[in-house]
Amino acid sequence: WHKTDMSEHEQFQGAGAEPGVEIWRIESFVPTPIPKEDYGKFFTGDCYIVLHTYKKGHSTEYNVYFWLGDESSQDEQGTAAAKTVELDDSLGGKPIQFRETQGNESSGFVSLFKAFGGVEYLAGGVASGFKSASEELAKLNVPRLLHLKGKRNVRTKQVDCSADSLNNGDVFVLDAPNEKVILVWNGSKANKMEKFKGIEFANTVKEKRASSIIDVFEEGQESDKFWELLGGKKDVKDASEVESDESVAKAAAAEKVLYRVKEEDGNLSIDEVASGKLDKSMLDSDDSFVLFTGAELFVWVGSGASATEKRESWKMATNFVKEKGLAPSTNIANIKEGNEPMNFKACFKWPLPPPDFSVKSSGNVAKVEDKGVDVSNLFERPVVVEEKPVDDGSGKLEIWRVENFDLAPVPEDMYGQFYGGDSYVLLYTYQNNNREEYIIYFWLGSESTQDEYATAALKATELDDKYGGAPVQVRVKMGKEPNHFLSLFKGKMVVHAGGKGSAFKNKSDADSYDVDGISLFHVKGTNATNTRAVQVEEKATSLNSGDAFILLTPGKINVWIGKGCNDDEKATAHSVAEVLKGEREVVEVEEGSEDDAFWEAIGGKAEYASEKAGVESAREPRLFHCSNATGRFTAEEIPNFAQDDLYDDDVYILDTFTNVFVWVGQESNDDEKKAAVKLGQDYVQQVDDGRDEDTPVIVIRQGKEPTLFTSCFLGWNEEKARVFVDPYEAKMAQLREEKAAREAAEAEEAPAAAEEEKKVEEEAAAAVAAVSVGESIPYDKLTAGQDFPAGIDPTKREVYLSDEEFNTVFNMPRAEFEALPKWKQVQAKKNVKLF
């Protein structure tokens, strides 16, 4: 795999050649690429440059962010800004530049790291000798306290490991690798999303350290160990004493103000042009302008502006912030004439070209930008954020399914066919610069159990160890597959309903598969790589005109082509049909030409999404989360949305271009419902993208969704819609089940373990007696294959370590090790190669 050399600057050679995210850290005034496993982790003493490359239609677009840590130096910040300009130049001046500051990042920036576990702040920096986030976390052997804060864009920051850091409005995770525990603490006023993210973050840590146990405490129910690790119990601060989630999510936008800015002889002149309603004609190509919306600041550089103004635009912006007394953390976007984003255009009366109705809708994508309450800030069209693929997917692939706490090989003729109730581990081997490299994907079905999730993560780690730590591990959730993963199956990925009964959580459950001979698959995507098929309910209401579907019956396979189906979806539907057909005939059925047998197979004719929602233009559906939980109405776009993003205590807006839906959760309050309806009405009235001003605003209730709404979600599950499962409570239930099973297993083995421990003690005493008094043997000699010193019992090698070295090797005193159950001792010995 080779990137095109698009950069004349050495540090940025090949940058932007493929869609995805690339990150550099400023080290000794030089941008240095960081490994992908560190994406999303930022040292607070450093500055970073982040390039986001994405496709928009047939063109390639770029956003360049430079991120400034709170404890970074002025020199590092200046270097980050200067190198961002160099990267911009190397990409032909096409990128939009953004300045991001720690704790005040825009939604667009934070959304880039959704696939990497979110944004996490780590103490220190390159000047302190911290080279790699992954290396620092791997070396960690002391407790650390992490503070989770925010709504949907939850940020994770390491804070002082002390009770003084706690407040009752947030969630904290106490990670103690030396104690093998991960403790999640929920403040009494913490919001549901923070609680859910707390457990999710803990599970991510556990995937890397499988021996640790997760425990969750509500405020007031803490264990003695929790307070001991924090240095003692203290009164917890009230949420009112710290920064609120609302201030983190940005203050309300003020009236828009446009200024003309000139930099002459080192002096900055700022003249207000207009405020309130603005017109594009106010922008002069020979000058530079600053647009301040109250929440963010845009610097617009005209094509005829002087070379100095173009070069010094960032200096101009930061000087403007100082002159106007704005917060140093104010977000800044640097824009060149002719490359304006839609959220900038939306602040003006800006003539837009008519929509291109020749391009048919395909797929389900959404892009997050930094949004305020102002409806006009919601108008930028969505773009998918994808990871950069390492190759074309033509390497060697091996796949295993999790069964009974182990991996069972998947037959090669079943590669690409997954079950939503299962979890899988994939090993991909490819050539890079004449050497073999590896990627381990572990794919987690949406209906798979927590123990299957954990087994998949554990087995992926074991596989990684087998290859000496050389592979890259990638955790993939169903429906969130990166492009490279999808490319492994050449457009033939199929997700079936059902799965193998879990060996732990569902011991009494039978395997569940479709056995009646009739199945319906929804084919959806934007190109031949990311188009896939997902099994849906076998009924007419599952169909929609914008996509292709495959109907399997005992006698034949029907490839149903909706009127708005694109060529890639049609081709993929036929490819999948060939995989599934067996001895059956494949028949293409165009919408409107179905025979009676077709309708009979899916329970008869019924209304489905026959309108061309999203088919009549290139615009994609967009989903917004709406809330007034803090007393002010807010709307935030959800990137790459799925059905799981809908929560029953919230209100959402889905814009399909032909309709604007207001989805009302069962537990949402009346104020939220009213505010959401008004937002939908304002959105339709103010948006200037070619749609009819009378576009309907449709209020729908949870569980009563029409097909025109559900067709915008890949593989919509009606049962989920009818019976909402709180994600936080579901996670808690899984943890409770795991804890109960663990305690039951320990109780069952206790008598035998006690007898075994007694035997071990006797054998250990005898083994020690065989060595001269006071003599110990170094760890490296005890791990030297079969060449052990004479008189050594190879099954009891740990007893020959000195107390000091024992503590270093096992990360615990000898007495604590001897108090462990036998099976835990064995596992600990395996971990350090003494078993």
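Mentor: Happy to. Let's start with F713 and W716, which are both buried. Keep in mind that this is a predicted model.

Trainee: Okay, and how many aromatic pairs does the structure hold?
Mentor: There are 35 aromatic pairs in the structure.

Trainee: Nice. Take Y428 and Y430: how far apart are the ring centres, and at what angle are the planes?
Mentor: The centres of Y428 and Y430 are 5.7 Å apart, with the planes at 20°. Planes under 30 degrees apart count as stacked, so the Y428 and Y430 pair is stacked.

Trainee: And back to F713 and W716, what's the geometry there?
Mentor: That aromatic pair is edge-to-face, with 5.1 Å from centre to centre and 65° between the planes.

Trainee: Are Y428 and Y430 buried or exposed?
Mentor: Y428 is buried, at a relative accessible area of 0%. Y430 has 9% relative accessibility, so it counts as buried too, the cut-off being under 20%.

Trainee: Which residues do ring pairs link into a cluster?
Mentor: The cluster is made up of F42, Y48, Y65, W67, F98, F109, F113 and Y121, linked by ring pairs.

Trainee: Changing topic to cysteines: how many disulfides does a search of the whole structure find?
Mentor: Zero, across the whole structure.

Trainee: Then what about C161 and C712, buried or partly exposed?
Mentor: C161 has a relative accessibility of 27%, so it counts as partly exposed. C712 has 5%, so it counts as buried.

Trainee: Thanks, that helps!

Methods
Residues are numbered from 1 along each chain as its sequence is written. This is a predicted model: local features need pLDDT of at least 70, side-chain atom pairs count only at pLDDT 80 or more; totals for chains, interfaces and linings use all residues. Side-chain values use heavy atoms; hydrogens and water are left out. Rings of Phe, Tyr and Trp (its six-membered ring) pair if their centres lie within 6.5 Å; planes under 30 degrees apart count as stacked, over 60 as edge-to-face and the rest as tilted. Buried means under 20% relative accessible area, exposed over 50%, partly exposed in between (1.4 Å probe, protein chains only). A disulfide is a pair of cysteine sulfur atoms within 2.5 Å.
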